[in-house]
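Take a look at the chain below.

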Amino acid sequence: SSQGPNNFVVNLTITNTGTATIQGWKLVFSFAAGQSILDGWSGHFTQNGAQVSVTNKGSNATITPGSSVSPGFIGSWSRNNPAPTVFTLNGVRCQ
């Protein structure tokens, strides 16, 4: 990610390291405080308080073994806060 005094850019990569195709995906994480999503790409972003959910868009609904999708977003904050460190993908905790 990169950051400025009032905003930041984040590029995430979700890689399927398993042997089965992931059919539809939902990535969930929480901000520490004060951050909000302004715009996103390669996924559908929703925010409820500190919790952010990113779901697939039609063109990247499946992730075959060994392949990746790369959603990203621009966010804003009122002060510097740490980046999220805990993510869940389809209900499974990952890093």
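What follows starts with the chain as a whole and ends with a single residue.

The model is predicted: local features need pLDDT of at least 70, side-chain atom pairs count only at pLDDT 80 or more, and totals for chains, interfaces and linings use all residues. Residues are numbered from 1 along each chain as its sequence is written, and side-chain values use heavy atoms, with hydrogens and water left out.

The chain has 13 strands and zero helices. Both are DSSP runs numbered from the N terminus: strands are E with at least two residues, helices H or I with at least four. The C-alpha trace spans about 40 × 25 × 20 Å along its principal axes. A compact globule of 95 residues would have a radius of gyration near 12 Å; the chain has 13 Å, which agrees. That radius is taken over C-alpha atoms, and the globule rule is 2.2 Å times the number of residues to the power 0.38.

Contact means heavy atoms within 4.5 Å. Among contacts with a separation of 6 or more, 74% join residues 24 or more positions apart. The chain exposes about 5500 Å², and carbon and sulfur atoms supply 49% of it. These areas come from the Shrake-Rupley method with a 1.4 Å probe; for residues, only the protein chains shown count as cover. Buried residues make up 32% of the 95. Buried means under 20% relative accessible area, exposed over 50%, and partly exposed in between (1.4 Å probe, protein chains only).

Now the sheet. Five strands form an open sheet in the order β7-β8-β5-β12-β13, with antiparallel pairing. Two strands pair if DSSP finds at least two bridges between them. β7 (44-48) and β13 (92-94) stand at the edges with a single partner strand each, so one side of each has no neighbour in the sheet. Neighbouring strands are turned by 25° against each other on average, direction ignored. The axes behind such angles are lines fitted to C-alpha atoms, for helices over the stretch in contact, and angles run from 0 to 180 degrees between N-to-C directions.

Look at β8 and its two partners. Five bridges join β7 to β8. Gln47 has Val52 as its bridge partner in β8, and His44 stands opposite Thr55. β7 and β8 form a hairpin with two residues between them. Gly49, in the turn, has a positive phi of about 65°. Five bridges also join β5 to β8; here Ser30 has Gln51 as its partner in β8.

Which residues touch the most other members of the largest nonpolar core? They are Trp25, Phe29 and Phe73, out of 19 residues. Such a core is a set of buried Ala, Val, Leu, Ile, Met, Phe, Trp, Tyr and Cys residues joined through side-chain atoms within 4.5 Å. The elements giving two or more residues to the core are β2 (7-11), β5 (26-30), β8 (51-55), β11 (72-77) and β12 (87-89). Beyond four places in sequence, Phe73 touches residues including Phe8, Val10, Phe29, Ile37, Trp41 and Phe45.

Finally, Thr13. This residue lies in the loop between β2 and β3 (14-15). Thr13 counts as exposed because its relative accessibility is 55%. Leaving aside neighbours within four places in sequence, Thr13 contacts Ser68, Val69 and Ser70. The C-alpha atoms of Thr13 and Leu27 are separated by 11 Å.
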